[in-house]
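Hi,

Here is the structure I promised to pass on. Have a look at it first, and then read my notes below.

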Amino acid sequence: MPDYMPDALPHTQKIIRKPKGVGTEFKNLADGVTGVMMKLEIQEKKADMADKDWSPLLTGTAWLLRLCEPYFGSHRIIRADSTFTSTTAAVELGKRGLFLQGIVKGATKEYPAKYLDTFQYEKGDHHVVTSSIDGIPMLALGWQDRTRKKFLATCGTTVEGHPHKKKRYRVLKDGKSSEAFFKTVKRPKLVEEYMYFDSASKIDIHSHLRQGSLPLEEAWGTKKWYHRVLSTILGMVKG
């Protein structure tokens with residue numbers, strides 16, 4: 001029996017949290033300054049993904065290594081969201097001449113998440129733990145904003161950075177008009193750089209431009225899955 005029908009999408013991914021949760025999934029690498037998309041990897045069925053390079057490693061680490069392979073040895077900083085960030089990813093990138101800065105949520109193996117939670121935090125406070133794994137120095141940082149965020153980095157500094165400014169509005173006494181004001185939260189330089197470049201959201205911005213502002217896959221009246229995939233990629237280029 002063939003893996004798929006001749007006119008059917010070879011592999012359908014279902015991700016409930018996505019605005020359009022059924023279709024083809026891409027993993028992307030984008031430049032953190034310009035937002036230009038650097039590399040795409042189409043997600044295939046599980047058996048096919050298992051044959052790809054570095055598949056024995058954590059899934060997020062394997063994705064990172066395949067996407068970043070053209071830049072091995074360049075000493076660039078890879079800023080990643082929690083899907084890709086782990087101590088394993090930090091070590092594997094470090095061995096290949098790349099640095100990692102990212103947010104940790106689920107991948108906490110060899111990461112002191114529970115220890116960072118033993119500290120008392122006020123908004124703007126941070127605590128740091130340093131270590132080295134397989135010769136790769138790294139730091140774990142907990143920072144308190146509205147919620148507590150945990151970072152992992154193999155480069156950067158935790159000296160005090162510029163405060164995080166949040167624009168807010170308040171209603172004036174007349175009850176009809178409002179005025180803008182800013183609330184500030186202290187943050188270390190590492191967090192400032194991560195938020196300033198906002199690298200992890202560059203992919204989300206691309207997705208918004210492609211699906212919200214320029215939905216080519218909807219404008220092109222076709223039932224061919226490869227036409228829709230092509231229009232999605234063209235939308236990324238245009239975005």
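At what angle do helix α2 and helix α3 pack, and how far apart are their axes? Before the answer, one caution: this is a predicted model.

The angle between α2 (residues 59–68) and α3 (residues 87–95) is about 25 degrees, and their axes lie 9 Å apart. Angles under 35 degrees count as roughly parallel, so α2 is roughly parallel to α3. Their crossing is right-handed. On the α2 side, the contact is made by T61, L64 and L65, while α3 brings T88, A89, E92 and L93. Sorted by type, the residues of this contact are four nonpolar, two polar and one charged.

The other spot I looked at is E25. You'll find E25 in the loop between β2 (22–23) and β3 (26–30). Is E25 buried or exposed? Its relative accessibility is 13%, and buried means under 20%, so E25 counts as buried. The side chain of E25 also makes a polar contact of 2.9 Å with the side chain of K27. Leaving aside residues up to four places away in sequence, E25 touches Q13, I15, E41, I42 and Q43.

Now for the whole chain. The protein chain has eight helices and eleven strands, and 36% of its 239 residues count as buried. Along the principal axes, its C-alpha atoms fill a box of roughly 60 × 60 × 30 Å. If you take the contacts between residues at least 6 apart in sequence, 48% of them join residues at least 24 apart.

Cheers

Conventions:
Residues are numbered from 1 along each chain as its sequence is written. This is a predicted model: local features need pLDDT of at least 70, side-chain atom pairs count only at pLDDT 80 or more; totals for chains, interfaces and linings use all residues. Side-chain values use heavy atoms; hydrogens and water are left out. Helices (H or I, at least four residues) and strands (E, at least two) are DSSP runs, numbered from the N terminus. Buried means under 20% relative accessible area, exposed over 50%, partly exposed in between (1.4 Å probe, protein chains only). A polar contact is a pair of N or O atoms within 3.5 Å; within protein, one must be able to donate a hydrogen and the other to accept it, and residues adjacent in sequence count only if both atoms are side-chain atoms. Contact means heavy atoms within 4.5 Å. Axes are lines fitted to C-alpha atoms, for helices over the stretch in contact, and angles run from 0 to 180 degrees between N-to-C directions. Angles under 35 degrees count as roughly parallel, over 145 as roughly antiparallel, 65 to 115 as roughly perpendicular and the rest as oblique. A crossing is left-handed if the near helix is turned anticlockwise from the far one by less than a right angle, and right-handed if clockwise. Ala, Val, Leu, Ile, Met, Phe, Trp, Tyr, Cys and Pro count as nonpolar, Asp, Glu, Lys and Arg as charged, and the others, Gly among them, as polar.
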